[in-house]
Amino acid sequence: MDWDKLRIFHAVADAGSLTHAGDTLHLSQSAVSRQIRALEEALNATLFHRHARGLILTEQGELLFDATKSMNKRLEAASARIRDSEEEVFGELRVTTTIGFGTLWLAPRLPQLYKQYPDLKIDLMLEERVLDLPMREADVAIRMKEPSQADLIRKRLMSVRMRLYATPEYLEKSGGIESLTDISRHRLICQSLSSAQVAAGATLVQHLFSYDVPSLFTVNNYFGVLQGVLNGLGVGVLPDYVTEDFPNLVRVLPELESGEVPVFLAYPEELRQSKRIAAFRDFVQDEIISHRRKMRELAKDDLCS
């Protein structure tokens with residue numbers, strides 16, 4: 001099969017439109033249409049159903065699109081490895097992590113990375129869904145559990161625990177919380193049990209629900225939970241790393257916390273030599289070391305007070 005025709009087919013299948021594919025490829029709609037017809041004739045198969053709203057792949061088209069997607073991913077990987085043979089750190093790095101960790105911990109620290117590598121382009125993808133790294137849906141991932149795929153390089157970064165926090169103003173207005181039974185006098189802010197979250201967090205929330213909480217505010221990510229807490233809405237279940245950037249938050253019921261949640265950094269084996277990956281990995285590790293130091297200092301301050 002003609003490589004150029006396959007490239008055009010892939011763009012059309014991805015866009016679902018001859019016009020949009022032509023814009024991407026800098027070709028006219030008629031030129032794109034001619035290439036698709038020629039490919040269909042060469043294969044003796046219809047690749048698209050044509051209708052007023054655009055194009056839909058036929059069964060044969062789906063088979064070919066699966067093949068071209070795989071080819072495209074491999075070409076992207078090869079291109080990345082070639083670019084990484086240069087000495088300088090530059091180009092796009094696609095990073096995926098959870099919404100909570102990405103918004104509350106990673107994004108606020110990225111200015112330090114850009115200061116070091118101003119030509120780097122970070123594409124930060126915040127999803128609870130685990131993206132497929134070997135299939136190049138992302139270059140590097142930070143996840144709240146150890147990756148199960150065998151062809152990934154992984155490194156444990158740190159551990160996180162879910163704890164209860166409130167603002168001093170809220171506690172002064174609503175009264176202190178001395179024991180778990182006092183929770184029944186307060187509004188709880190947390191992720192709902194149906195939301196995608198780490199098992200340890202869900203277990204803690206389930207335990208709190210057993211204390212007949214009268215008022216509840218649930219959000220499907222920890223960024224929303226934090227905003228509720230900061231605005232005095234109630235007592236929130238949050239990961240312990242938020243205390244570094246929001247030191248005024250008061251930990252409620254210090255004896256209560258979730259089980260340990262491991263945080264892993266992972267990337268495909270084929271990107272082992274990537275300078276962009278190495279720069280990002282080293283940056284995260286340095287920030288983790290700084291984070292641990294600050295957490296120890298906060299713990300000492302809590303003991304002194």
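Leaving out neighbours within four places in sequence, Thr-98 touches Leu-126, Glu-127, Glu-128, Ile-142, Arg-143 and Met-144, where contact means heavy atoms within 4.5 Å. This is a predicted model, so to speak with caveats built in: local features need pLDDT of at least 70, side-chain atom pairs count only at pLDDT 80 or more, and totals for chains, interfaces and linings use all residues. Residues are numbered from 1 along each chain as its sequence is written, and side-chain values use heavy atoms, with hydrogens and water left out.

**Around Thr-98**

- Thr-98 sits in the loop between β3 (91-97) and α5 (99-106); helices (H or I, at least four residues) and strands (E, at least two) are DSSP runs, numbered from the N terminus.
- With 11% relative accessibility, Thr-98 counts as buried, because the cut-offs are under 20% relative accessible area for buried, over 50% for exposed and partly exposed in between (1.4 Å probe, protein chains only).

**The sheet with β3**

- β3 belongs to an open sheet of five strands, ordered β4-β3-β5-β12-β6, with mixed pairing; two strands pair if DSSP finds at least two bridges between them.
- At the edges you'll find β4 (120-126) and β6 (152-160), each pairing on one side only.
- Ignoring direction, neighbouring strands here are turned by 20 degrees against each other on average.
- Seven bridges pair β3 and β4 in the parallel sense, and Arg-94 has Asp-123 in β4 as its bridge partner.

**The sheet with β8**

- Another open sheet has five strands in the order β9-β8-β10-β7-β11, again with mixed pairing.
- Its edges are β9 (215-218) and β11 (250-252): each has a single partner strand, so one side of each goes without a neighbour in the sheet.
- From one strand to the next, the twist averages 35 degrees.
- β8 (residues 187-190) and β10 (residues 235-239) run parallel and are joined by two bridges, with Ile-189 opposite Gly-236 in β10.
- Helix α9 (residues 222-230) lies across β7 (162-166), β8, β9 and β10, at about 140 degrees to β10; axes are lines fitted to C-alpha atoms, for helices over the stretch in contact, and angles run from 0 to 180 degrees between N-to-C directions.

**Salt bridges**

- The count comes to 20 salt bridges, each being a side-chain nitrogen of Lys or Arg within 4 Å of a carboxyl oxygen of Asp or Glu.
- Lys-69 and Asp-66 make one of them at 3.8 Å, N to O; they are three residues apart in helix α4 (residues 59-83), so about one helical turn separates them.
- Both ends of that pair are partly exposed, Lys-69 with a relative accessible area of 35% and Asp-66 with 44%.
- Glu-287 and Arg-109 meet at 3.7 Å, N to O. Glu-287 is in helix α11 (residues 275-304) and Arg-109 in the loop between α5 and α6 (110-116), so this pair ties together parts 178 residues apart in sequence. Both residues are buried.
- Glu-270 bridges to Arg-136, with the closest N and O atoms 3.9 Å apart.
- Glu-270 is partly exposed at 34% relative accessible area, whereas Arg-136 is buried at 3%.
- There's also a salt-bridge network linking Arg-156, Arg-161, Arg-163, Arg-251, Glu-257 and Glu-260.
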